[in-house]
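These are my notebook entries on one structure. I wrote each one after looking something up.

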Amino acid sequence: MIVVLLGAPGSGKGTQAKFLSAKYGLVHLATGDIFRSEIAEKTPLGIKAQAYVKTGKLVPDDLVTEMVAARFNSNEGRYLLDGFPRNLAQAQSLSSILVHENLSIDLVVLLKISQELALERIISRRVCSQCGEVYNIQTKPALNGKCRTCGGDVVLREDDFEATARKRLMVFEDITRPMIAYYQSESVFREVDASRKPEDVNAALSMLIDSIFAKS
Ligand code: ADP
Ligand code: ZN
């Protein structure tokens, strides 16, 4: 089963993807998370990606595609893609990877949200610098600046400064939106209202996935 989760920065892709991958036993492939950990560990890929991620630009396609392809392994065949693909060229690379692995996409879901709400969520988001747990200064505050799970420092993500967040939203509109149009014409495409609270979005997504399981 291959599920692709699409949505603007701040739409809640990461939160929903964690929930869904645990519930359905899918491998969570989050390109943004992978880049952040490669950057933190100063690997060759991290060093190449750093300037792009920090300034809210897309990392060049060849780096992204190579990284994703290396993580596909036909034994598993159960993936939840979060943050990839992000443009038409990546969507085409994904189809080639899947053909090669003898897999196909079962569901593409767009988490729909307004730009205003997305921006509001991003700038109130904080993350644990140790374990990656996501907080929100309004809806899910840390404990005196520390992570409730591991005690690590809870900080603003480097690309969540308002100016960079706005840039990411622009990149989404200009570059990712046309790719969504490409998926929209396919039968596996669905949309979910992501402005609701996380549990409600969880429920809507679970219903979609359950309906696919029921069919197969
Ligand atoms: P968000 O969806 O909130 O922007 P992500 O964690 O998915 O957050 O991505 C953070 C950054 O990682 C992006 O702004 C970009 O620099 C890089 N990135 C992640 N996925 C891709 C991708 N598929 N192609 C190019 N760059 C990517
Ligand atoms: Zn933590």
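Buried means under 20% relative accessible area, exposed over 50% and partly exposed in between, with a 1.4 Å probe and protein chains only. Cysteine 131, with a relative accessible area of 42%, is partly exposed.

I noted how the entries are made. This is a predicted model, in which local features need pLDDT of at least 70 and side-chain atom pairs count only at pLDDT 80 or more, while totals for chains, interfaces and linings use all residues. Residues are numbered from 1 along each chain as its sequence is written, chains are lettered from A and ligands numbered from 1 in the order in which they are written, and side-chain values use heavy atoms, with hydrogens and water left out.

**Zinc site**

Which residues hold the zinc ion (ligand 2) as protein donors? I found the SG atoms of Cys128, Cys131, Cys147 and Cys150, at 2.3 to 2.4 Å from the ion. Donors are N, O and S atoms within 2.8 Å of the metal (3.2 Å for Na, K and Ca); water is not among the atoms, so sites may look incomplete. Along the chain, the donors of this zinc ion have the spacing C-x2-C-x15-C-x2-C.

I then checked the angles. The 4 donor atoms of the zinc ion (ligand 2) make angles of 97 to 117 degrees, and the site is tetrahedral. Four donors count as tetrahedral if all angles lie between 85 and 135 degrees. The ideal angle for four tetrahedral donors is 109.5 degrees.

I looked up the strands next. Helices (H or I, at least four residues) and strands (E, at least two) are DSSP runs, numbered from the N terminus. Two strands pair if DSSP finds at least two bridges between them.

An open sheet of 3 strands has antiparallel pairing and the order 6-5-7. Strand 6 (134-136) and strand 7 (154-155) are at the edges with a single partner strand each, so one side of each has no neighbour in the sheet. Strand 5 (residues 125-128) pairs with strand 7 over 2 bridges, in the antiparallel sense. I found valine 127 opposite valine 155 in strand 7.

**Strand 4**

Of the 6 residues in strand 4 (residues 107-112), 5 are buried, and the strand is mostly covered. Strand 1 (residues 2-7) runs parallel to strand 4, joined by 5 bridges. Here leucine 5 has valine 109 as its bridge partner in strand 4. Strand 8 (residues 189-193) also runs parallel to strand 4, with 5 bridges. Valine 108 stands opposite phenylalanine 189 in strand 8.

**Ligand 1**

Which residues come nearest to ligand 1? Lys13, Thr31, Lys57, Gly83 and Arg168 do, out of 20 residues around ligand 1. A residue is near a molecule if one of its heavy atoms lies within 4 Å of it.

I also noted distances between atoms. An N or O atom in the side chain of threonine 31 is 2.7 Å from a nitrogen atom of ligand 1. A polar backbone atom of valine 59 is 3.0 Å from a nitrogen atom of ligand 1. For arginine 157, a polar side-chain atom is 3.1 Å from an oxygen atom of ligand 1.

Is glutamate 38 buried or exposed? Glutamate 38 counts as buried, because its relative accessibility is 15%. I found glutamate 38 in helix 2 (residues 31-40). Aspartate 210 lies in helix 8 (residues 198-215) and is partly exposed at 38% relative accessibility.

Conventions
Four donors count as tetrahedral if all angles lie between 85 and 135 degrees; four count as square planar and six as octahedral if opposite donors are over 155 degrees apart and all others between 65 and 115; anything else is irregular. A polar contact is a pair of N or O atoms within 3.5 Å; within protein, one must be able to donate a hydrogen and the other to accept it, and residues adjacent in sequence count only if both atoms are side-chain atoms.
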